[in-house]
Amino acid sequence: MIETIQSMSDYHTAYQRSIDKPEEFWSEIAENFSWYRKWNDVLKWDFSTAEVKWFDGALCNITSNCIDRFALLTPHKSAIIWEANSPQQQSKRYSFKELQIEVAKFANVLKSLGVKKGDRVAIYLPMLIEGAIAMLACARIGAVHIVIFAGFSSESIIDRVNDCDAKVIITADSMVRGEKKISLKEIVDEAIGQVPQIEYCIVLKRGEDNIEMKHGKDLWWHDLMLHADSICEPEQMNAEDPLFILYTSGSTGKPKGVLHTVGGYMVYAAYTFANVFNIQKDDIFWCTADIGWITGHSYSLYGSLLNGTTTVFFEGVPTYPDHGRFWDVIDKHKISILYTAPTAIRALESFGDSIFKDKNLSSLRVLGSVGEPINEEAWHWYHKNVGKGNCPIVDTWWQTETGGILISPIANVTNLIPAFATLPLPGVQPILVNEKGEEMIGNNVEGNLCIKFPWPGMARTIYKNHGRFVETYFSMFPRLYFTGDGCKRNEDGFYRITGRVDDVINVSGHRIGTGEVEDAVGSHPNIVECAVVGFHHEIKGQALYIFAVCIDAPMQVAALKKEVETLITTKIGIFARPDKIQIVKNLPKTRSGKIVRRLLRKIAEDDISNLGDISTLVDADIISEIIAGKMSV
């Protein structure tokens, strides 16, 4: 198993070695895995053309490493624990041996339908163990899985399936989240009419409703699995063969299919999981992200299983049937690591301390944050109330395109600073550059965050559009991977992500990071969440516009706005005083919990004629409400 970093001395030694001798460093990490054939070259790369290859020529299969070896070593250990939407429904546990059998059976099902190496398979399932089985079965036979979050519209399915040319789609008759029940099959049926390349739709029976099944195309999961062979030899994959495509929405145009490959992704997901969370043999890991997102891919599924760690899948929401559901799940399964989003943390914070009544939480030893930089107030609330002051918080920074965590504390090793991602992981070489692309040398600097050297988990391309990949990530600053984020490096060399570069606002010559302003606004006792954007100002160049969500509707809006202004000017300075503050019911968010600030910028600028892709929003109606409310600001 992977040897993990246990001290700052270990960290500095590993980091320096990964920079001085990267090929030797990653070669040794890769030796922890089984390979049918070793690589010809550890690394080949050219950032000018965005061409990167890790372990090229090697043959492997990711499922051999995350299922087969543990089915042999620890066959009865729980691989996946499933917790239902309703606490009244019984949990399920699949051991590594049981998972091996189910994956092999479904892999044979796919093969019986003509799916072969390189074919694309779309997966539109709720957070069920069968979602993991479907992903792993694809990887087993060399098919490329495309997981589409179960909640996207039929139009979103059409965009993605048409782009990747999937020949099979896997769904369920229905799904439940909280008190909501959604017919997934109906949504898929709407899409299939416009994606003729879909040959089969495999349907998992989740609910009890009668649904229409189209003869010859729609097939029941349970019928297919009934007589499927329980042995399926893994396909031998080149390390640079595709493993999955995951779509992310851009500000304009169609979603882009970010493609990750087998070998490098496997090594990086496993290494970062083991180290960031300081994994122990008996850990129970719960990442609350859906498998429809990169966090669900890299840490709910692959990273955990590659380390033989038990992972928890949760079908429900944190507020059903009450606001203490997260804590009940933790106590029920003795979860030791919780990895969740600041959005969830802030939402739960708004319900007060009563949600912890009769909760134990003593099994927890590590907390994690993912999705966006966590604000200081939420960090302290999380640390005090969830971690009881004893659990380190790993505030992780990474992206769909990076495949795994790039900058983060290492649990029980790195000194923690609230709202700081702290230090780069071994193998990651961040660089801060100014607008001209010149490196910002030393500490106490701020600039555009780029990466100057490849890491194994990075995306290789945008599916069928390498030109867009180069343009998006490698053209702004030649021969550097541009993350799109601004960043500060403090006097100790610790990194703090300040937000997207277009979220760094220049007000009268002052560069103001929206994260700092949001921290100040979030410290108001009646504000649970906010987003800060810039808009054009005739004199200042740009001015600050704040969208704030209150816990309780303020009796005096003007008084609350004055209090917010005072907080900002006190904590940051008078130059950061906002020009506009709008109280809103909610913020536009993707289903993974990210605030879509580009939409707020458009609203602030009165540029609402073309809002671009809003298919990823949880609630698209909130946009019209915010636009209407702007009139009173």
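Which strands does helix α15 (residues 514–522) lie across? Some notes on that and on the rest of the model follow.

1. This is a predicted model, where local features need pLDDT of at least 70, side-chain atom pairs count only at pLDDT 80 or more, and totals for chains, interfaces and linings use all residues. Numbering starts from 1 along each chain as its sequence is written, and side-chain values use heavy atoms, with hydrogens and water left out.

2. To the opening question: α15 lies across β24 (481–489) and β25, running at about 95° to β25. Angles run from 0 to 180 degrees between N-to-C directions, with axes fitted to C-alpha atoms, for helices over the stretch in contact. Contact here means heavy atoms within 4.5 Å. Helices (H or I, at least four residues) and strands (E, at least two) are DSSP runs, numbered from the N terminus.

3. The open sheet there has four strands in the order β21-β22-β24-β25, with antiparallel pairing; strands pair if DSSP finds at least two bridges between them. β21 (430–433) and β25 (495–500) are at the edges with a single partner strand each, so one side of each has no neighbour in the sheet. Four bridges join β21 to β22 (residues 445–451), and leucine 432 has leucine 449 of β22 as its bridge partner.

4. Elsewhere, the axes of α5 (residues 129–141) and α10 (residues 294–306) come within 12 Å and cross at roughly 60°. Ala132, Met135, Leu136 and Ala139 of α5 make the contact with His297, Leu301, Tyr302 and Leu305 of α10.

5. Phenylalanine 277 is worth a click: leaving aside neighbours within four places in sequence, its contacts include Phe285, Tyr299, Ile337 and Arg365.
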